[in-house]
Amino acid sequence: MNSLMRQTKAIFWKDIITETRTRQGFSAMLSFATLVLFLFSFAVGPDTALLTRLAGGLLWVAIVFTGTLSLGRAYQSEELAGGVQLLRLYPGDVRAIYLGKLAGNLVILAILELVLFPATAIIFHVDLLSHATSLIMVAALGTTGFSVIGTFFSTLTVHLRARELLLPLLLFPALVPVVLGSVGATDAFLSGDPLGRAAGWIQLLAAYDVILFVVCVWIFPVVLEE
Amino acid sequence: MSPIIRVQGLTRRFGRRWALRGVDLEVERGIVVALLGANGTGKTTLLKVFSTLLRPTAGRVEVLGSVLPRDQDHVRAKTVLMTPNGHTYEELTGLENLKFATHMSGPPLSDSSLHEILVGVRLENAANTRVRAYSTGMRKRLELARMQLRTPELVLLDEPFVSLDEEGVQLVQDRISDWRSAGTSVIIASHRIAYATAGADRIVRLERGRVASEETA
């Protein structure tokens, strides 16, 4: 196994172990996400047809909000251990830090979505099961896009004093294509895709994911320099 | 033999504050250097520059034959740094911390080898305890264990004696002696002058970001 793979696996393993041992953080994120969905449903009101029509958008907004909280936690253990900079001192490619953190964020967000999607189905009265395969594809692409950009910006802001404020300010504009694509594809699949728009959204998501991944991996070493 | 560190006119600025104001220094291979000075004289900054954590603002820095910051990878592969608070993860056990570090450092060592290292720093009974339950002294010992996972050519110790009892201090001093015997250069930045200078070959004093004096111990 080459050093990049070995170090990526080590960082991923360490982050997942840390997350499983601090379960209160994960439970809080899950509660927050469910609460956001409930608040949206209260805001929209008892109109079932409207709730169903808005379900895709509201689900992805809840994912983005919860995911942003999750990104903040990803570097918390590093700060307690003296700072992410110290990981740079291990010999090898520093991109392993990005790839390991990205893998950890992806898994944590995917687990959150395992709860959020069924919760959306219940709260917004939508039938997700009959579109399961298509929605899993959208979730995979949307989650990847979010994690690729989110991991990058959370590293960029890790040493800033107002990071809690700056992270969403930098992240949300960059997430617009991901949110547009994910909401568009989810809505299209939920409505049976009468206009055949889903394929376009999926292509947008896939292209954005690939381009951003290449760019983030390429420039990550510069971001870590002090 | 060429020096392991050669620094000329090194400056480092943080915003408007100058931490280093033109340091000139040469460190020969295989010696122990005690770096002394009051708070804020630039000891930690100097070690961070040598370890590649910080870039110099100006000046020429050559470590292990590589000019920094150009050839950082070569320096990182052969240097270890102990920071005052260590680099260990609270939610992992002592053994898991070493496992993580060995996977990050190179071909990983076996669990039995890691256990032996823990025995060497008297942490064998806390191997499977999470680090958050460790005392500050135990964390320092774990950090010392982490540094033994590699065979460096340059060891940088920032306040290695803080929070350690007499046994812990002896462990650090024994390890420094082992490194020296193996031809590894060691730089110790410390306020505990008696401990830092005990096995040192040279004593360098910093004042206001400059080398104020150098003497052979």
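Where in chain B is confidence lowest, and where is it highest? Confidence here is pLDDT, the predictor's score for each residue, from 0 to 100. The lowest mean in chain B is 85, in helix α7 (residues 193-198) of chain B, and the highest is 95, in strand β7 (residues 154-158) of chain B. Helices (H or I, at least four residues) and strands (E, at least two) are DSSP runs, numbered from the N terminus.

This is a predicted model, in which local features need pLDDT of at least 70 and side-chain atom pairs count only at pLDDT 80 or more, while totals for chains, interfaces and linings use all residues. Residues are numbered from 1 along each chain as its sequence is written, and chains are lettered from A and ligands numbered from 1 in the order in which they are written.

Over the whole of chain B the mean pLDDT is 91, with 100% of residues at 70 or more. For chain A the average is 89, and 99% of residues score at least 70. The model's ipTM is 0.87 and its pTM 0.89.

Now the build of chain B. There are 7 helices and 10 strands in chain B. Its radius of gyration, taken over C-alpha atoms, is 17 Å, close to the 17 Å from the globule rule for 217 residues, so chain B is as compact as a globular protein of that length. That rule is 2.2 Å times the number of residues to the power 0.38. Along the principal axes, the C-alpha atoms of chain B fill a box of roughly 45 × 40 × 35 Å.
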